[in-house]
Amino acid sequence: MSLIEWKEAFSVGVPSVDLEHRELIEMINDLHGLMGKGASQDKVIAALGEIYAQISAHFALEEKFMRDTGYSAYPNHKNDHESLLDELRDIMDRVEDDGRYDEARLSSELEHWFSEHFRTHDAKLHRHANPHLSGA
């Protein structure tokens, strides 16, 4: 079972950004599946590392789009990106330091982390990228 299902609400209307959102969700769902099968701590840390690298690259793409289009909420959105990366690094450190992981806690944190960012900051970016859409 997937942890996060793709929703159109996650779309910002920029094909390259939306593709990466889908890929990130797939990576999180893959990690959730690994943990459900009792993956080793090393596998979980490696998967978190891959997610971290992908997210860092994704945030750079989003931030370039925001700068290129004069997005007024860029500073706040970028600050949220930095906070999210710090939080993910803290999660990774905790799993490494504890020598184990709590599947339910880790899954909950990842689901909340991505869904909240998509729902709040990326929803505003969607409206910026698609001003012609009614209700956007």
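A cavity is a set of points, on a 1 Å grid over the protein atoms alone, where a 1.4 Å probe fits but cannot get out; its lining residues have an atom within 4 Å of a point. The structure examined here is a predicted model, in which local features need pLDDT of at least 70 and side-chain atom pairs count only at pLDDT 80 or more, while totals for chains, interfaces and linings use all residues. Residues are numbered from 1 along each chain as its sequence is written, and side-chain values use heavy atoms, with hydrogens and water left out.

By this rule, 1 cavity of 30 Å³ or more was found. The largest cavity holds about 40 Å³ of space. Volume here is the space filled by probe spheres set on the points, which are joined across faces, edges and corners. The lining consists of H21, L24, H58, F59, L84, W113, F114, H117 and F118. Of these residues, 6 are nonpolar, 3 are polar and none is charged. In this division Ala, Val, Leu, Ile, Met, Phe, Trp, Tyr, Cys and Pro count as nonpolar, Asp, Glu, Lys and Arg as charged, and the others, Gly among them, as polar. Helices α1, α2 and α4 each supply at least two lining residues. Helix α4 gives the most, with 4. Helices are DSSP runs (H or I, at least four residues), numbered from the N terminus.

The largest nonpolar core has 27 residues. Such a core is a set of buried Ala, Val, Leu, Ile, Met, Phe, Trp, Tyr and Cys residues joined through side-chain atoms within 4.5 Å. Buried means under 20% relative accessible area, exposed over 50%, and partly exposed in between (1.4 Å probe, protein chains only). V44, L48, I55, L106 and F114 touch the most other members. Two or more residues each come from α1 (15-36), α2 (41-68), α3 (74-98) and α4 (103-129). The largest share, 7 residues, is from α2. Beyond its neighbours within four places in sequence, V44 is in contact (heavy atoms within 4.5 Å) with L31, M35, A39, V95, Y101 and L106. A second, separate core of 7 residues includes V14, V17, M66 and Y74.

S11 lies in the segment before α1. At 10% relative accessibility, S11 counts as buried. Leaving out residues up to four places away in sequence, S11 touches W6, D18 and H126. The side chains of S11 and D18 are joined by a polar contact of 2.7 Å. S108 sits in helix α4. Its relative accessible area is 43%, so S108 is partly exposed.

Terms used: Polar contact = N/O pair within 3.5 Å; in protein donor to acceptor, adjacent residues only side chain to side chain. 1 Å grid on protein atoms, 1.4 Å probe; cavity = no way out; pocket = protein on both sides within 12 Å on 5 of 7 lines; lining within 4 Å.
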